[in-house]
Amino acid sequence: MAVRRQLRHRRILSVISRKGAPNIKGMGKLRYVVEQTFALLQQFKRLAIRWERRLELHDAFVSLGCSLICWRRLKKAGS
């Protein structure tokens with residue numbers, strides 16, 4: 001409950017339904033995007049198996065992986 005309150009304070013809408021609540025219409029679309037992003041990030045070996053002990057390095061590789069994914073999508077859309 002405290003987490004939801006903090007999200008509301010930051011004006012972030014929580015889309016995770018509570019246990020036992022009926023399904024939210026369109027929730028599958030959002031879930032698909034998240035699952036697809038995780039699957040695309042797993043293609044980078046360094047992210048699939050976390051070798052770095054320092055969080056900063058891991059975060060840098062995640063950012064680099066996301067940048068490469070976006071660049072590939074833009075390159076594909078442009079051609």
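Good morning, colleagues. The structure is a predicted model, in which local features need pLDDT of at least 70 and side-chain atom pairs count only at pLDDT 80 or more, while totals for chains, interfaces and linings use all residues. Residues are numbered from 1 along each chain as its sequence is written, and side-chain values use heavy atoms, with hydrogens and water left out.

I begin with the chain as a whole. The protein chain contains four helices and zero strands, where helices are DSSP runs of H or I with at least four residues, strands are runs of E with at least two, and numbering starts at the N terminus. Read from the N terminus, the order of elements is α-α-α-α. Of the 79 residues, 9% are buried; buried means under 20% relative accessible area, exposed means over 50%, and partly exposed lies in between, with a 1.4 Å probe and protein chains only. The chain exposes about 7600 Å², of which carbon and sulfur atoms supply 60%; these areas come from the Shrake-Rupley method with a 1.4 Å probe, and for residues only the protein chains shown count as cover.

Let me turn to a loop. R11 sits between helix 1 (2-9) and helix 2 (27-41). Its phi is near 60 degrees, a positive value in a residue other than glycine. R11 counts as exposed because its relative accessibility is 81%.

I now come back to helix 4, which covers residues 55-78. Helix 4 has 24 residues and reaches 34 Å from its first C-alpha to its last, close to the 34 Å expected, the expected span being 1.5 Å times one less than the number of residues.

Which residues are buried in helix 4? They are H58, G65 and I69. H58 has a relative accessible area of 15% and is therefore buried. Leaving aside neighbours within four places in sequence, H58 is in contact with L47, R50 and E52, contact meaning heavy atoms within 4.5 Å.

L68, by comparison, is partly exposed, because its relative accessible area is 31%. Together with L64 and W71, L68 forms a nonpolar patch on the surface, with about 300 Å² of accessible area in total. Patch residues have over 30% relative accessible area and no salt bridge; like charges are joined within 9 Å, and nonpolar side chains (Val, Leu, Ile, Met, Phe, Trp, Tyr) within 5 Å. A salt bridge is a side-chain nitrogen of Lys or Arg within 4 Å of a carboxyl oxygen of Asp or Glu.
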